[in-house]
Amino acid sequence: MKKLVLAEKPSVARDLAKVLGANEKHKTYIEGKQVIVTWALGHLLTLKMPEDYQKEWREWSFDTLPMIPKRHGIKPLPKTTGQLKSFQKLANRSDVGEIIIATDAGREGELVARWILEYARVKKPVKRLWISSQTEKAIKEGFNKLEPAKAFDDLYESAVARSQADWLVGLNVTRALTVKYDDNLSAGRVQTPTLALVDKQDRKIDTFKPSTYYVVQVSHQGLSAKLQKQEKVLQVKERAEAEVVVKQLSTETVIADVKESTKNEKAPLPYDLTELQREANQRYGYSAKKTLSIIQRLYEIHKIVTYPRTDSKYLTNDMKASMKERVLAIKSYFNEEVQPIIKNQFKVEQPAVFQNNRVTDHHGIIPTEQVPRSEKLDLDENRLYQLICKRFLTLFYPAYVEKRQTLTLDLGAYQVQFKQAEVVNKGWKLELTTPDKMGTFQKGAKISLNYQVKEEMTTAPAPMNEGQLLGKMEHFNLGTPATRAEIIERLISSELLERQNNRLRVTPKGKQVLSLVNPALVSPELTEKWETKLEAIASGKLTRQAFIKEIETETTRLVSEIKQSDKTYKNHAITSKKCPECGELLKEKNTKNGKIYVCTNQSCSYSRRKDPKLSNKRCPQCHKKMEIHSGKSGDFFKCKYCVITEKMSNKQERKKKMTKHEERKLVKKYSQAAEPEESPLALALKAAMKDN
């Protein structure tokens, strides 16, 4: 009997098929003597929509809210029905005796597979492949350690609970807001408190008022510190006040105390997904979604990093045996850094990284045993791969050791604390090149001081970036490492959040949504409590039914409050411009291709770009790209700098243009060298020869 293996994506299926010896390719599966490997395309099914339960729920009105199905059902996604039917047919083949789930080893991957099995009504034995890397070695080891699918039932229950909770809160609250305020207003169990985190920072910026203050800077032979009073930096509002203080101070004093300490800083643990996304955002300005996409390629296509969607930074004890092989695999990238590790016989200097009880579904992100091919990686992939490898290599280096010294000076009512440090051992801080050297000071020694009054100003807090937001989401347990990027993108596409130079700001629409829903939905504490309960379901400590019952009660309360609310809403997207077709006002809308104007009349389909589209055609005068405009006579090019216009050829005229083949033929014809003219003597000789 054959085994039917279900992967999450075609690319992963091809890798599995290669290792399992399946090479007979078909449109929807790959078959071998002992196995058939097929694939999903991400999710093939989704929860049923409201209209699938009751016809009345098709209408967006208060009469149908709240919508709480007696039993949640699933339905196929229209674009992937063919692949779903193919799996159903394969699963029912008489020569298939066992199903193996090989989708991503996590909560969402479990949901992808289980819904497919449920829809296909599979009655045959099911096992689970659970691996953290896509190398040939990992795949072979994984298939030798298959577990019964029932061992992951609690994980599946948690995934279903999360999906149903998002359906109940998201659809009901979004419909209630949209109906109440006549605009597309989106809210959700996780996205609304995430939006509130950005808004909290925005409010700090909006209410900030700058103020000027003065400090006294004290210096001695390269050491510098601010004057203190009662262990706090002295800050005064007027320069004259600071200058009065300086006049009271002596230019010579003795060192009242010298304290020395040693700082030992161990190497950081490997990245989890959230920290890697934060680092990539800070260093390269990558969005969380872009980082996840890049690292997914490193995992699936190049197979040089382990499973990315992890929330753990630790490794399991059984991985100790593979550490040498992983180091040698990246030697070509980091030869200089690897040499000391080889001399030290691959000893891990951070043994605390190996903790089985700190690893949940997957361990931290580290390189695999696969040797990377740098020519196959693009710039983005190289950047993230090197980040992961450098963090991994630090585990083999000793702690960073720094000697510190604090000099305390007693100036009567005031104090000064000079601080200096010297690197004893740079350890894992491989990029540290020039260690500082401390000066020598002793208690009771007399030193001279210089004073300078400096004007300083309080600075407004900066808008939140994605890295900071990811950190806040992790702190409040909002979403999972796998879903946080998607949540941020959903807020942006819903026009509740916007990116401004790699910073996030809440839109006027987003601010109003936060004021229109119940404070409990805005607060991250409630969602954090729900996420904790989802984890309890995954560990078998809570039932899905009990959790969903609580969500249903909360949904009913949230909808009821919106219905009874007397709050007002203003649609800031509506402009004063009128639709040329029906006369209604136009609304500004963000799209992938820029901002457009659409008619507020739902029965009118008029839309146009807000700003003219830039073409690749250059202005003949200033050589800058020209804009495309529309007029009564059709489209035309226009330079906004020189106000030069040029008619754009229509489709028929463009078709009449010479093809590249015709162009090459013509160039060849006219580039051929012409035959040289013959001299009179040569012509006379030719004539004489003909006569003979």
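Buried means under 20% relative accessible area, exposed over 50%, and partly exposed in between. The model discussed here is predicted.

Q: What makes Trp167 buried or exposed?
A: Trp167 has a relative accessible area of 6%. Buried means under 20%. So Trp167 is buried.

Q: Which class do Tyr181 and Tyr569 fall into, buried or exposed?
A: Both Tyr181 and Tyr569 are buried. Each therefore has under 20% relative accessible area.

Q: Why is Tyr53 called partly exposed?
A: Tyr53 has 23% relative accessibility.

Q: Why is the pair of Tyr53 and Trp167 called edge-to-face?
A: The ring centres of Tyr53 and Trp167 are 6.0 Å apart. Rings pair if their centres lie within 6.5 Å. The planes are at 85°, and over 60 degrees counts as edge-to-face. So this pair is edge-to-face.

Q: What parts does the pair of Tyr53 and Trp167 tie together?
A: Tyr53 lies in helix 2 and Trp167 in helix 6, so the pair ties together parts that are 114 residues apart in sequence. Tyr53 and Trp167 also form one aromatic cluster with Trp57.

Q: Why is the pair of Tyr181 and Tyr569 called tilted?
A: The planes of Tyr181 and Tyr569 are at 55°. Stacked needs under 30 degrees and edge-to-face over 60; the rest are tilted. So this pair is tilted.

Note on methods: Residues are numbered from 1 along each chain as its sequence is written. This is a predicted model: local features need pLDDT of at least 70, side-chain atom pairs count only at pLDDT 80 or more; totals for chains, interfaces and linings use all residues. Side-chain values use heavy atoms; hydrogens and water are left out. Helices (H or I, at least four residues) and strands (E, at least two) are DSSP runs, numbered from the N terminus. Buried means under 20% relative accessible area, exposed over 50%, partly exposed in between (1.4 Å probe, protein chains only).
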